[in-house]
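This briefing is intended for a reader new to the structure shown below.

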Amino acid sequence: MHFDWTYMISIIPKILYYLPVTLFLAILSMVIACIFGLALALIRQTQVKIISSIIAVYISLFRSLPSLVLLFLIYFGLPQLVPSLSGINALTAATIGFSLKNSAYMAEIFRASLKAVDTSQMEAGLSIGMTKTQVYTRIILPQAFLNALPATGNTFISLIKDTSVAFSLGVTEIFAQAKMIAADSFRYFETFLVVGLVYWILVLSYSYLQNYLEHKLSRSLQR
């Protein structure tokens with residue numbers, strides 16, 4: 001069977017039709033993961049031993065679980081323990097799973113980023129009459145966000161690729177659509193090559209955006 005460029009071009013619109021599902025799943029999960037991860041990192045900063053230990057266990061658990069296992073636990077396992085969750089749909093289950101898993105990574109990223117900010121800045125802020133909240137929001141967090149941006153970008157890129165396992169729950173995103181197209185045409189190489197190129201373009205686009213954000217934030221903090 002020869003390589004068919006015409007076939008490749010013809011299936012691009014069919015695969016791109018489900019690109020919004022992939023982007024929605026990745027972006028929403030990342031936003032939730034960042035919010036939850038930042039909350040965990042800030043709570044851990046209080047250094048209350050019991051709370052820090054609980055958060056450490058949470059981070060260890062969700063960083064260790066493979067994405068597929070976590071999605072199966074949420075979609076198929078939780079309804080057995082909590083019957084009221086039996087109506088949960090696949091997209092919601094996938095979003096919850098990716099959010100929990102990546103919040104564990106983001107918690108560690110934010111914790112390291114907060115530690116990288118010089119502690120003397122808190123003392124300086126308090127000495128001029130600012131509250132701890134003002135010091136965090138105006139001085140520490142902006143610097144921490146800049147420190148966290150490269151690692152956050154890598155996590156988001158991994159999440160974009162990780163969304164492909166959502167097809168195991170029945171979520172039709174670009175990879176699931178490619179599997180159905182390939183199964184129908186038996187043109188596996190051309191089909192998955194198109195999917196690979198789509199993921200590559202997504203990663204390149206985000207990498208460009210991340211570099212732009214890093215440059216803008218670096219300039220604004222230097223003023």
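Ser29 has its place in helix α2 of this predicted model. Ser29 is buried, and its relative accessible area is 0%. Beyond the residues up to four places away in sequence, Ser29 touches Phe24, Thr95, Phe98, Ser99 and Leu159.

**Ser29 and its surroundings**

- Between the C-alpha atoms of Ser29 and Leu40 there is a separation of 16 Å, and the two residues are 11 residues apart along the chain.
- Phe98, one of the residues touched by Ser29, is also among those with the most contacts inside the largest nonpolar core.

**The packing of α2 and α3**

- Two packed helices are described by the angle between their axes and the distance between the axes.
- For α2 and α3, the axes come within 9 Å and the crossing angle is roughly 145°.
- The crossing in which α2 passes α3 is left-handed.
- On the α2 side, the contact is made by Phe36, Leu40, Ile43 and Arg44.
- On the α3 side, Ile51, Ser52, Ile55, Ala56, Tyr58 and Ile59 take part.
- By class, the contact of α2 with α3 comprises eight nonpolar residues, one polar residue and one charged residue.

**The packing of α1 and α8**

- Helices α1 and α8 pack with their axes 10 Å apart, at an angle of about 140°.
- Because of that angle, α1 is oblique to α8.
- The handedness of the crossing of α1 and α8 is right-handed.
- From α1, the residues Tyr7, Ile11, Lys14 and Ile15 meet Ile174, Gln177, Ala178, Ile181 and Ser185 of α8.
- Six nonpolar, two polar and one charged residues make up the contact of α1 with α8.

**The largest nonpolar core**

- In soluble globular proteins, nonpolar side chains tend to be buried together.
- The largest nonpolar core of this model has 56 residues.
- Ile15, Ala94, Phe98 and Phe156 are the residues with the most contacts inside this core.
- At least two residues of the core come from each of α1 (5–16), α2 (19–45), α3 (49–64), α4 (67–81), α5 (90–116), α7 (132–162), α8 (174–185) and α9 (188–222).
- Helix α5 gives the most to this core, namely 10 residues.
- Ile15 touches Ile174, Gln177, Ala178, Ile181, Thr191, Val194 and Val195, with residues up to four places away in sequence not counted.

**Met8 and Glu190**

- Met8 is placed in helix α1, whereas Glu190 is found in helix α9.
- Met8 counts as buried, at 6% relative accessibility.
- Glu190 is likewise buried, and its relative accessible area is 4%.
- When neighbours within four places in sequence are left aside, Met8 is in contact with Phe3, Glu190, Leu193, Val194 and Leu197.
- With its own neighbours within four places in sequence left aside, Glu190 is in contact with His2, Phe3, Asp4, Tyr7, Met8 and Ile11.
- Met8 and Phe189 are 181 residues apart along the chain, and their C-alpha atoms are separated by 9.5 Å.

**The loop residue Phe186**

- Phe186 lies in the loop between α8 and α9.
- At 55% relative accessibility, Phe186 counts as exposed.
- Most residues other than glycine have a negative phi.
- Phe186 has a phi near 65°, which is a positive value in a residue other than glycine.

**The chain as a whole**

- The protein chain contains nine helices and zero strands.
- Along the sequence, the pattern of the protein chain reads α-α-α-α-α-α-α-α-α.
- Taken along the principal axes, the C-alpha atoms of the protein chain fill a box of roughly 75 × 50 × 25 Å.
- Of the 223 residues in the protein chain, 39% are buried.
- Among contacts in the protein chain with a separation of 6 or more, 77% are accounted for by residues 24 or more positions apart.

Note on methods. Residues are numbered from 1 along each chain as its sequence is written. This is a predicted model: local features need pLDDT of at least 70, side-chain atom pairs count only at pLDDT 80 or more; totals for chains, interfaces and linings use all residues. Side-chain values use heavy atoms; hydrogens and water are left out. A nonpolar core is a set of buried Ala, Val, Leu, Ile, Met, Phe, Trp, Tyr and Cys residues joined through side-chain atoms within 4.5 Å. Buried means under 20% relative accessible area, exposed over 50%, partly exposed in between (1.4 Å probe, protein chains only). Helices (H or I, at least four residues) and strands (E, at least two) are DSSP runs, numbered from the N terminus. Contact means heavy atoms within 4.5 Å. Axes are lines fitted to C-alpha atoms, for helices over the stretch in contact, and angles run from 0 to 180 degrees between N-to-C directions. Angles under 35 degrees count as roughly parallel, over 145 as roughly antiparallel, 65 to 115 as roughly perpendicular and the rest as oblique. A crossing is left-handed if the near helix is turned anticlockwise from the far one by less than a right angle, and right-handed if clockwise. Ala, Val, Leu, Ile, Met, Phe, Trp, Tyr, Cys and Pro count as nonpolar, Asp, Glu, Lys and Arg as charged, and the others, Gly among them, as polar.
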